[in-house]
Amino acid sequence: MIKLEINDKKYSIPESFDELTFGQYCKVFWKMDSGIDIDDDDGERFKKGVETEATIISRLMGEDDDFCLGLPLN
């Protein structure tokens, strides 16, 4: 597990699929849609990919889908 502390709150995030429980898997990927379309240009695909990854990490942390996207970069 990866241990993080954000705004004085501690999180444990699975580092590999071996550490991911079935319940976490279901919660993370339930109704997940990357929104990526085959006609998207590279920049749009990259943006949508980052948003999808941020949603996955936010869900693993037990937060709202947009939690990671709202964090400051530092």
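Guide: Gladly. Please keep in mind that the model is a predicted one.

Visitor: How many helices and strands does that make?

Guide: The chain has 2 helices and 2 strands. Its C-alpha atoms fill a box of roughly 40 × 30 × 20 Å along the principal axes.

Visitor: What makes S1 and S2 a pair of strands?

Guide: Two strands pair if there are at least two bridges between them. Strand S1 (residues 2-6) and strand S2 (residues 9-13) share 5 bridges, in the antiparallel sense, so they meet the rule for a pair. Ile2 has Ile13 of S2 as its bridge partner, and Leu4 stands opposite Tyr11 in S2.

Visitor: What lies between the two strands of the hairpin?

Guide: The hairpin has 2 residues between its strands. Asn7 has a positive phi near 50°, though it is a residue other than glycine. Asp8 is not a glycine either, and its phi is positive at about 65°.

Visitor: Why is Asn7 called exposed?

Guide: A residue counts as exposed when its relative accessible area is over 50%. The value for Asn7 is 68%, so Asn7 is exposed.

Visitor: How many aromatic pairs does a search of the whole structure find?

Guide: The search finds 2 aromatic pairs. One of them joins Tyr11 and Phe67, with ring centres 6.1 Å apart and planes at 50°.

Visitor: Why is the pair of Tyr11 and Phe67 called tilted?

Guide: Rings pair when their centres lie within 6.5 Å; planes under 30 degrees apart count as stacked, over 60 as edge-to-face, and the rest as tilted. At 6.1 Å the two rings qualify as a pair, and 50° falls between the two angle limits, so this pair is tilted.

Visitor: What does the pair of Tyr11 and Phe67 tie together?

Guide: Tyr11 lies in strand S2, while Phe67 is in the segment after helix H2 (42-60), so the pair ties together parts 56 residues apart in sequence. Both Tyr11 and Phe67 are buried.

Visitor: How do you know that Tyr25 and Phe29 form a tilted pair?

Guide: Their ring centres are 4.8 Å apart, which is within the 6.5 Å limit, and their planes are at 45°, so they make a tilted pair as well. Both residues lie in helix H1 (residues 22-29), 4 residues apart, about one turn of the helix.

Visitor: Why is Lys48 called buried?

Guide: Buried means under 20% relative accessible area. Lys48 has 16%, so Lys48 counts as buried. This residue lies in helix H2. Leaving aside neighbours within four places in sequence, Lys48 is in contact with Ser34, Gly35, Ile36, Asp37 and Asp40.

Visitor: What makes Leu60 buried?

Guide: Leu60 has a relative accessible area of 18%, which is under 20%, so Leu60 is buried. Its place is in helix H2. Not counting residues up to four places away in sequence, Leu60 touches Ser12, Ile13, Pro14, Leu20, Gln24 and Val28. The C-alpha atoms of Leu60 and Ile13 are separated by 6.2 Å, although these residues are 47 apart along the chain.

Visitor: What share of the residues in the chain is buried?

Guide: Buried residues make up 24% of the 74 residues. The chain exposes about 5800 Å², and carbon and sulfur atoms supply 54% of that area.

Visitor: How many positive and negative side chains are there?

Guide: There are 9 positive and 18 negative side chains, and the centres of the two sets lie 6 Å apart.

Terms used
Residues numbered from 1 in each chain as written. Predicted model: local features only at pLDDT ≥ 70, side-chain atom pairs only at ≥ 80, totals over all residues. Heavy atoms only, no water. Phe/Tyr/Trp six-rings, centres within 6.5 Å; stacked < 30°, edge-to-face > 60°. Buried < 20%, exposed > 50% of the residue type's maximum accessible area, 1.4 Å probe, protein only. Areas by Shrake-Rupley, 256 points an atom, 1.4 Å probe, with all protein chains shown as cover. Lys, Arg positive; Asp, Glu negative; His and termini not counted. Charge placed at Lys NZ, Arg CZ, Asp CG, Glu CD. Contact = heavy atoms within 4.5 Å.
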